Amino acid sequence: EDLDSLLEREGRLPLERALALAAPIGAALDYAWERRKLVHRDIKPGNVFVTAKGEVKLLDFGIAARVRPATGHAAAEAPGSSGTAGYRAPEAGAPRREPSQALDVYAVAVMIYQMLEGRLPASANPARPAALSQQQWAVLASGFAADSGARPPTVTKLVAALREAAQDQAPPQAEVVHHDVPSPAEQLAKIARQK
């Protein structure tokens, strides 16, 4: 089923489940970038499929842009309005702009927010999801920052930073307090003195 259907069925997801779904997307995007210099540019729940075995598949590279190594510009550039509203980064419509992985980081960060909250971010400054600490929220919000330079460089790094922030928020281990307990002989001597 696609992620849209999964979210409709399961509702809001805990952070670790959302990250477990986002991590394979990051791996697929890393592969596409390293092998072909491709940027997907249309990541949304409808293009993410989860198999019966729990495998996550990223589909529909139909408007993906490839960066030409010699020029840095995209080959077969799709219109700037391509992509899906709500998941499309603000810079996506800039003319003659080199496609970058920041476009996909933006879309996945929005999708993670949606998995946690059950809806898309309502504004440029959405409220922090209740499931996230302030530190976790700072990481996620950086993923859909209006300034592409403020975003993590890849989806994989976004997921790793969210996991690290989650570990930093783990409750501290119970502190063992050692009290000076008198020996039985000392206790008997104290009782004898009190008599």
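Author: Let us begin with the contacts along the chain. Taking contacts in the protein between residues at least 6 apart in sequence, 60% join residues at least 24 apart. Please keep in mind that this is a predicted model.

Reader: What share of the residues of the protein counts as buried?

Author: The protein has 195 residues, and 40% of them count as buried. The word buried is used for a relative accessible area under 20%.

Reader: How many helices and strands are there in the protein?

Author: The protein contains six helices and five strands. Read from the N terminus, the order of the elements is α-α-β-β-β-β-β-α-α-α-α.

Reader: How does one describe two packed helices?

Author: Two packed helices are described by the angle between their axes and by the distance between those axes. Consider helix α2, residues 15-36, and α3: their axes come within 10 Å and cross at roughly 165°. Angles over 145 degrees count as roughly antiparallel, and α2 and α3 are therefore roughly antiparallel to each other. The crossing of these two helices is right-handed.

Reader: Which residues of α2 and α3 meet?

Author: On the side of α2 they are L15, A18, L19, L21, A22, I25, L29, D30 and W33, and these meet Q101, D104, V108, M111, I112, M115 and L116 of α3. Sorted by class, the residues of this contact between α2 and α3 are 13 nonpolar, one polar and two charged.

Reader: At what angle do the axes of α3 and α4 cross?

Author: The axes of α3 and α4 cross at roughly 135° and come within 7 Å. Angles over 145 degrees would count as roughly antiparallel, while those of 65 to 115 count as roughly perpendicular and the rest as oblique. Helices α3 and α4 are therefore oblique to each other. Their contact is built from V105, Y106, A109, I112, Y113 and L116 of α3, together with W137, L140 and G143 of α4. By class, the contact of α3 with α4 comprises eight nonpolar residues, one polar residue and no charged residues.

Reader: Are α4 and α5 roughly parallel or roughly antiparallel to each other?

Author: The axes of α4 and α5 cross at roughly 170° and come within 8 Å. The two helices are therefore roughly antiparallel to each other. In α4, the residues Q135, Q136, V139, L140 and G143 meet L158, A161, L162, A165, A166 and D168 in α5. The contact of α4 with α5 divides into seven nonpolar, three polar and one charged residue.

Reader: May we turn to aromatic rings? How many aromatic pairs are there?

Author: Rings are said to pair if their centres lie within 6.5 Å, and by this rule there are three aromatic pairs. One of them is formed by Y113 and F144, with 6.1 Å from centre to centre and 90° between the planes. Planes over 60 degrees apart count as edge-to-face, and the pair of Y113 and F144 is of that kind. Y113 belongs to helix α3 (residues 101-117) and F144 to the loop between α4 (134-143) and α5 (155-168), so the pair ties together parts that are 31 residues apart in sequence. Both Y113 and F144 are buried. Together with W137, these two residues form one aromatic cluster.

Reader: Where is T154 placed, and is T154 buried or exposed?

Author: T154 is placed in the loop between α4 and α5. Its relative accessibility is 12%, so T154 counts as buried. Leaving aside residues up to four places away in sequence, T154 touches D30, Q101 and V105.

Reader: Finally, what is the phi value of K37?

Author: K37 has a phi near 55°, a positive value in a residue other than glycine. This residue is found in the loop between α2 and β1 (38-39), and K37 is partly exposed, with a relative accessible area of 34%. R41, likewise not a glycine, has a positive phi of about 75°. R41 lies in the loop between β1 and β2 (48-50) and counts as buried, at 13% relative accessibility.

Key
Residues numbered from 1 in each chain as written. Predicted model: local features only at pLDDT ≥ 70, side-chain atom pairs only at ≥ 80, totals over all residues. Heavy atoms only, no water. Phe/Tyr/Trp six-rings, centres within 6.5 Å; stacked < 30°, edge-to-face > 60°. Helix = DSSP H or I, 4+ residues; strand = E, 2+ residues; numbered from the N terminus. Buried < 20%, exposed > 50% of the residue type's maximum accessible area, 1.4 Å probe, protein only. Contact = heavy atoms within 4.5 Å. Axes fitted to C-alpha atoms, helices over the stretch in contact; angles between N-to-C directions. Parallel < 35°, antiparallel > 145°, perpendicular 65-115°, else oblique. Left-handed = near helix turned anticlockwise from the far one by under 90°. Nonpolar A, V, L, I, M, F, W, Y, C, P; charged D, E, K, R; others polar.
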